[in-house]
Amino acid sequence: IVRGPDGAPVATCRKTGTVTEGELCQKSSDCGSGMACVIHPDEKALNAGRCRSYCCGGGSCESGTYCGLLPLFEPTKPFPDPLPIPVCAPATNCKLLTPGACGAGQACTLVNEKTTTCGTPGTGVEGDKCPCAEGYYCTPKNACRKLCHIGADQSDCGSGACVQGGSALPTGFGVCAGGDAGI
């Protein structure tokens, strides 16, 4: 993927490079087939990208990664906003609802079935559309639900209850229902 003259993404066929998955790159043509040169938010100071495989949906990435939107690394392009593209991004496997699990300005979030990573939180709270605020989970229906520890009803859910939220949540975690949860 490259940008057209108007800045919109354009799929093109180009000669591929020899840089492999996870290695440093300066442009997408440095990367092997099926990969793009992207910058991970944790590595902005590198002044380089990393080759990552393209993905389409949560099931197409290897274990320890997730299909997420990362910005295309374009150090010589004059575009104001990085172009987000779907690639298999490395997961940090942080612990949900744990203060200090991630760096400043980041929160531990669930990115696919039972996979967590540190990322910039959104603003969505109970019932809002994703992206969700810290402590909330984005359901497959694009709605935010408050996360909680099973058995910690009062401390996590106020006057509501912490109920099992389906197979997508890690063991021991649920979503708040009733009471202060507003459902």
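Modeller: Let us begin with Leu147, which is buried, its relative accessible area being 2%, where buried means under 20%, exposed over 50% and partly exposed in between, with a 1.4 Å probe and protein chains only. Please keep in mind that this is a predicted model, in which local features need pLDDT of at least 70 and side-chain atom pairs count only at pLDDT 80 or more, while totals for chains, interfaces and linings use all residues. Residues are numbered from 1 along each chain as its sequence is written, and side-chain values use heavy atoms, with hydrogens and water left out.

Colleague: In which strand is Leu147 found?

Modeller: Strands here are DSSP runs of E with at least two residues, and helices are runs of H or I with at least four, numbered from the N terminus. Leu147 touches, among others, Leu96, Leu97, Tyr136 and Cys176, leaving aside residues up to four places away in sequence, contact being heavy atoms within 4.5 Å. The strand that holds Leu147 is S11.

Colleague: How many bridges join strand S11 to strand S13?

Modeller: Two strands pair if DSSP finds at least two bridges between them. Strands S11 (residues 144–149) and S13 (residues 173–177) run antiparallel, and His149 stands opposite Phe173 in S13. The number of bridges joining S11 to S13 is three.

Colleague: Which strands stand at the edges of the open sheet of four strands, and why is one side of each left without a neighbour?

Modeller: The sheet has the order S10-S11-S13-S12, with antiparallel pairing. Each edge strand has a single partner strand, so one side is left without a neighbour in the sheet, and the strands in question are S10 (136–138) and S12 (161–164).

Colleague: Over which ring does the charged end of Lys146 sit?

Modeller: A charge counts as sitting over a ring if NZ of Lys or CZ of Arg is within 6 Å of the ring centre and within 35 degrees of the ring normal. For Lys146 the distance to the ring centre is 5.8 Å, and the ring is that of Tyr136.

Colleague: In the open sheet of three strands, which residue is the bridge partner of Cys25 in S5?

Modeller: This sheet has the order S3-S5-S4 and antiparallel pairing. S3 and strand S5 (residues 49–53) pair over two bridges, and in S5 the partner of Cys25 is Gly49.
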